[in-house]
Amino acid sequence: MLSIKNVSKDMGEFLLDDVSLDIAEGEYFVIIGPTGAGKTILLETIAGIYPPDAGSISIGGRDVTFVPPRERNVTMVYQDYMLFPHLTVEQNIGFGLEYQKVPPEERRKKVLEVAGIFGIGHLLHRYPGTLSGGEQQRAAISRAIVLEPAVLLLDEPLSALDGQTRERLRQELRSLHAQFRTTIIHITHNFDEVFSLATRVAVMNKGQIVQAGTPEEVFRHPTSSFVAEFVGVRNVFSGTCTTEGGLSRVSIARPDGKKTIISSLTPHPEGPATVTIRSEDIMIGREPCTTSARNSFAGTITDIVDNGMMVVVHVDCGLPFIAGVSRQGWAAVGATVGETIHLTFMADPVHVF
Amino acid sequence: MERNPKTAEGPAEDQFVTGDLRRNGVKMATIAIALVITAFIISLLLLVVTRPDPQAVIESLLSPEIRFAIYLSLVTSIISTMLCIAVGVPAAYALARYNFFGKSFVSMILDLPLALPPLVAGVALLLFFGTTAFGDALASIGLVFVFSPLGIIVAQFFVNLPFMLRIMRSTFTDISPRYEYVACTLGCTNLQAIRRVTLPMAGSGFLAGAVITWAKGIGEFGAALMIAGATRMKTETLPISLFLNMSCGELELALSAAIILIVISVVSLYIFELYGGSTKF
């Protein structure tokens with residue numbers, strides 16, 4: 001459907017460096033990455049705002065690399081809405097239809113229909129400056145979707161909204177995608193949006209796509225320490241891998257000169273390797289756990305951070321581990337800083353690359 | 001000092017307290033300076049307006065000479081303002097939106113007429129239109145700039161273009177290019193996006209720029225004097241009239257021209273501020 005091949009673009013401050021991406025018809029593709037990773041330029045290059053320095057872009061099999069935006073059938077929604085302030089909501093939503101030579105009565109019908117879907121039908125006569133953020137973003141999405149684009153580009157569409165509005169609009173995007181099956185590319189910083197919306201996710205850094213896959217793959221099995229840290233895997237260690245009866249055993253040098261060995265089910269060739277363990281996969285207890293779990297370590301609690309939903313416990317087992325437990329779970333353990341505690345985790349959720 | 005509350009540590013603390021938070025010497029001194037200079041400016045303007053006999057001023061305003069000066073000033077300043085708009089708006093757009101080789105040099109040169117003494121600009125224009133083959137060619141098709149009203153227009157245009165340009169450049173810079181990007185994805189060509197989205201959004205900056213350019217055009221003297229000369233009833237704009245009548249002792253005529261210029265300045269400055277011009281210049 002949308003095929004990006006080896007696209008590079010240098011804008012000085014931001015760049016795209018040899019980006020290739022294939023997005024299937026009807027996919028909800030989410031792109032995450034730190035600020036300045038080149039996410040917005042990628043969207044704007046897909047939209048045809050600037051010509052790429054190298055590479056090609058095709059949509060539905062048609063090469064659009066140097067085709068102007070108006071002939072691409074790609075629409076775009078920005079974080080800060082970009083509604084035209086001198087036009088009413090109705091004129092904003094109908095703006096693109098004018099250029100498709102849709103007669104006024106039919107234009108009005110389509111605008112009403114789309115506005116109805118987003119529950120902003122009663123705001124059509126108002127000017128954007130008088131609307132709330134959520135209403136403005138609904139109008140901006142309506143303006144983009146009313147043209148029935150081949151690809152809809154969303155650049156952090158929910159980031160400027162308050163928590164409740166964001167939650168509601170996220171649901172609306174979900175049902176919108178379910179209803180229209182529009183191919184969507186959505187940039188965000190928010191991992192909730194990845195898990196609730198994405199069919200696939202890509203991580204960008206320094207103008208490159210460093211990993212793409214299903215949210216599960218990317219969040220469970222990062223292929224680089226950048227991705228691991230970015231997606232919030234708190235425990236990332238480097239060491240040497242040996243293989244033993246189908247098990248990868250990674251030996252990690254500790255600051256005190258000794259070694260810790262972590263076992264994993266991920267197949268990995270012998271040699272240098274990085275191990276990642278998500279903090280919520282680590283179980284914590286006062287006594288060593290007697291299950292079949294492969295990895296068990298004792299250590300001293302160095303810090304306890306209660307972030308409201310979870311308790312994050314920092315434990316020094318020679319290596320600094322970070323474990324996340326529910327508040328109830330932590331209350332049951334009832335330990336404080338300085339006490340000795342046992343960490344246990346299975347070989348299965350340990351990822352090696 | 002006597003009103004300092006005693007702290008728990010006792011009176012010993014007082015020796016460190018040398019001022020009073022409620023008395024700000026810097027604030028009072030700086031405000032005083034601003035007030036004095038404001039009073040000075042107002043008294044100067046009032047002096048010009050009240051000095052002549054009102055009856056004589058009205059008579060002068062109705063005299064053919066002043067009426068001609070008003071007419072010539074309006075026509076030349078309106079035409080030169082339109083020329084500044086025609087050139088300044090696209091050039092400002094280019095400087096605000098695009099990066100190109102030599103941009104900072106171009107930007108500096110376009111601002112240069114601001115710093116250049118108008119007399120120097122006038123001499124340069126006189127040489128250009130009076131002594132070059134290009135000037136001769138224009139003259140041969142009837143476009144005579146030297147010692148003619150056309151010269152006044154070109155002088156006003158040259159000296160005041162930077163005002164339009166600077167205000168429009170910062171106006172365009174303040175409008176996110178993303179509005180145009182969105183318009184383009186919705187079906188606009190680049191030009192349509194500018195016309196349908198950017199220009200309407202630039203309205204107040206445009207008004208502020210046009211008004212200040214026009215007001216400066218009305219008051220233009222030095223450059224116009226050099227290229228168009230000061231010929232009574234021919235190239236006599238309001239400032240030239242003020243100069244001519246002052247030189248030959250016609251105080252009433254001179255001051256009535258001055259009064260008109262003051263009124264125009266005050267009104268256009270008000271409009272300029274109303275549309276946020278001072279934040280854009």
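In chain A, strand β1 (residues 2–10) runs antiparallel to strand β4 (residues 54–59), and five bridges join the two; strands, like helices, are DSSP runs numbered from the N terminus, with at least two residues in state E for a strand and at least four in H or I for a helix, and two strands pair if DSSP finds at least two bridges between them. Within this pairing, Ser8(A) stands opposite Ala54(A) of β4(A). The model is a predicted one, in which local features need pLDDT of at least 70 and side-chain atom pairs count only at pLDDT 80 or more, whereas totals for chains, interfaces and linings use all residues. Residues are numbered from 1 along each chain as its sequence is written, while chains are lettered from A and ligands numbered from 1 in the order in which they are written.

β1(A) also pairs with strand β2 (residues 15–23) of chain A, again in the antiparallel sense, over six bridges, and here Lys9(A) has Leu16(A) in β2(A) as its bridge partner. Four residues lie between the strands of this hairpin of β1(A) and β2(A), where Gly12(A) takes a positive phi near 80°.

Asn73(A), with a phi of about 60°, is not a glycine, and it lies in the loop between β5 (62–63) and β6 (74–77) of chain A. Asn73(A) counts as partly exposed because it has 18 C-beta neighbours inside 10 Å, given that a residue is buried with 20 or more other C-beta atoms within 10 Å of its own, exposed with 12 or fewer, and partly exposed in between, the C-beta atoms being placed from the backbone. Lys206(A), likewise not a glycine, has a positive phi of about 50° and is found in the loop between β9 (200–205) and β10 (208–213) of chain A. With 15 other C-beta atoms within 10 Å, Lys206(A) is therefore partly exposed.

What, finally, of the place where chain A touches chain B? Here 18 residues of chain A are in contact with 13 residues of chain B, contact meaning that the C-beta atoms of two residues, placed from the backbone, lie within 7 Å. On the chain A side, the elements that give two or more residues are α1 (39–47), β6 and α2 (89–99). By class, that side has twelve nonpolar, four polar and two charged residues, where Ala, Val, Leu, Ile, Met, Phe, Trp, Tyr, Cys and Pro count as nonpolar, Asp, Glu, Lys and Arg as charged, and the others, Gly among them, as polar.
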